[in-house]
Amino acid sequence: MNNDQLFAGCRYQEQPGAPHKTALAYASSQINGARLIECPFFPHGWALDTRRKERAFFFEKHGTGAGVFDLQQQRFVRTIPPFDQRQFYGHGVLAGAGELLLSTESDPQGQGFIGMRDTNTLRYLGDFPSFGARPHDCHLVDNGRVLAVTNGGAKAGESPAPCISYIDVETHQLLDRHDMPGSAFNTGHMVPVSGSTALIASAPRLGLGVDHEGAVSWCHRSEATLRGMPYPQDRLPRLLGEALSIALLPHERLAVVTHPTPGVLTFWRLDDQSLWHSMPVDNVRGVALAGDGHSLWLSHGAQGSLSILRMDGREPSVQPVLRQAPMAGSHLLNYPVALATALASPA
């Protein structure tokens, strides 16, 4: 693992038949196996504090749970209470030179908001619209001046449609919006590739089950709707269920997407937006760039195993590292790499 330090959400039982508990699981080269940091909610996504580098804020997906962790000491610090009857929707980011914590939130009807809190005190400062329903993922682009948000949308066949909204952080005004065409897919997780483009992973639209396909799409800010990335049916199984996590391999000019239900990794060329490769990995969920910049960490399997995916030859290969590390959350955080990326990106 070198200096990589990996974190992921975890549900576990102390013994068979006991109630399930929730934790943030931690694994590194310095410990044997995984360590569990108990907390009162199931962690999904995070925001890293670039000024107090040990702090991270984690959020529950579709719930009232959020809190502060000390990742250097591997301990849970405190909860972040929701505002009014809101639910956190899983993700957040620090803006305004790190002074402002923004989080995706929705009211009981699904209307989307971006909550604003003081990073130091966690005092609630207000909100602004996400310009859609059920906002989930969010990222800063344009040197921290613009917030890109995935709005998952209403149920299939209902309005509003899933979309990507780009919002001015200072004025809270909508700059542009890009709808998901059709009624089959939501907009779930995204990775900005540049200030004007982003890759989107989608689950079946709300109300549709895992017997429907997910999608991988491209957002161009010059285009009104998202562009689905086609894949040859003869090279892949049906990509049923959600397309979940995304990681970029910048040196290889590739994006890697996890598809848990069919147990498939897909690799997409960033330059021409085409499918490069696919490979089976059982129940693959989280993916994160390794410290060498050329490999990827994967969480997969029923026990949340950890493996490393290497790009040494013409085709990637997967090598197991920890077979029973209970890192079965949707995402995988490689703390040193993510922190270095956040420090290099203006907030």
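Tutor: A salt bridge here is a side-chain nitrogen of Lys or Arg lying within 4 Å of a carboxyl oxygen of Asp or Glu. Please keep in mind that the model before us is a predicted one.

Student: How far apart are the closest N and O atoms of Glu 213 and Arg 238?

Tutor: Glu 213 and Arg 238 form a salt bridge, so the distance asked for must fall within the 4 Å limit of the definition. Between the closest N and O atoms of Glu 213 and Arg 238, the separation is 3.2 Å.

Student: Which loops hold Glu 213 and Arg 238, and how many residues apart in sequence are the parts that the pair ties together?

Tutor: Glu 213 belongs to the loop between β18 (197-202) and β19 (215-220), whereas Arg 238 belongs to the loop between β20 (227-228) and β21 (246-249). Because the two residues sit in these separate loops, the pair ties together parts of the chain whose separation in sequence is 25 residues.

Student: Asp 271 forms a salt bridge with Arg 253; is Asp 271 buried or exposed?

Tutor: In this salt bridge the closest N and O atoms are 2.9 Å apart, and the pair links distant parts of the chain, with Asp 271 in the loop between β23 (264-269) and β24 (275-280) and Arg 253 in the loop between β21 and β22 (254-259). Arg 253 has a relative accessible area of 36%, so Arg 253 counts as partly exposed. The relative accessibility of Asp 271 is 59%, which lies over the 50% cut-off, and therefore Asp 271 counts as exposed.

Student: What can be said of Asp 49 and Arg 55, buried or exposed?

Tutor: Asp 49 and Arg 55 also form a salt bridge, with 2.9 Å between their closest N and O atoms. To be called buried, a residue must have under 20% relative accessible area, and both Asp 49 and Arg 55 are buried.

Student: Which strands stand at the edges of the open sheet of 4 strands?

Tutor: The order of this sheet is β3-β2-β1-β29, with antiparallel pairing, and 8 bridges join β1 (residues 5-12) to β2 (residues 21-28). Two of the strands have a single partner strand each, so one side of each is left without a neighbour in the sheet, and these are β3 (34-38) and β29 (333-334).

Student: Which buried residues does helix α1 have?

Tutor: Helix α1 spans residues 335-344, and what covers its buried residues includes β1, β4 (45-48), β25 (287-289) and β29. The buried residues of α1 are Tyr 335, Val 337 and Leu 339.

Student: Which element gives the most to the lining of the largest pocket?

Tutor: The largest pocket holds about 1,600 Å³ of space and is lined by 45 residues, with His 139, Val 191, Pro 192, Ala 338 and Thr 341 nearest its centre. Several elements each supply at least two lining residues, among them β9 (87-95), β17 (189-192) and α1. With 5 residues, the element that gives the most to this lining is β13.

Technical notes
Residues are numbered from 1 along each chain as its sequence is written. This is a predicted model: local features need pLDDT of at least 70, side-chain atom pairs count only at pLDDT 80 or more; totals for chains, interfaces and linings use all residues. Side-chain values use heavy atoms; hydrogens and water are left out. Two strands pair if DSSP finds at least two bridges between them. Buried means under 20% relative accessible area, exposed over 50%, partly exposed in between (1.4 Å probe, protein chains only). Contact means heavy atoms within 4.5 Å. On a 1 Å grid over the protein atoms alone, a cavity is a set of points where a 1.4 Å probe fits but cannot get out, and a pocket is an open set with protein on both sides within 12 Å along at least five of seven lines; lining residues have an atom within 4 Å of a point. Grid points are joined across faces, edges and corners, and a volume is the space filled by probe spheres set on the points.
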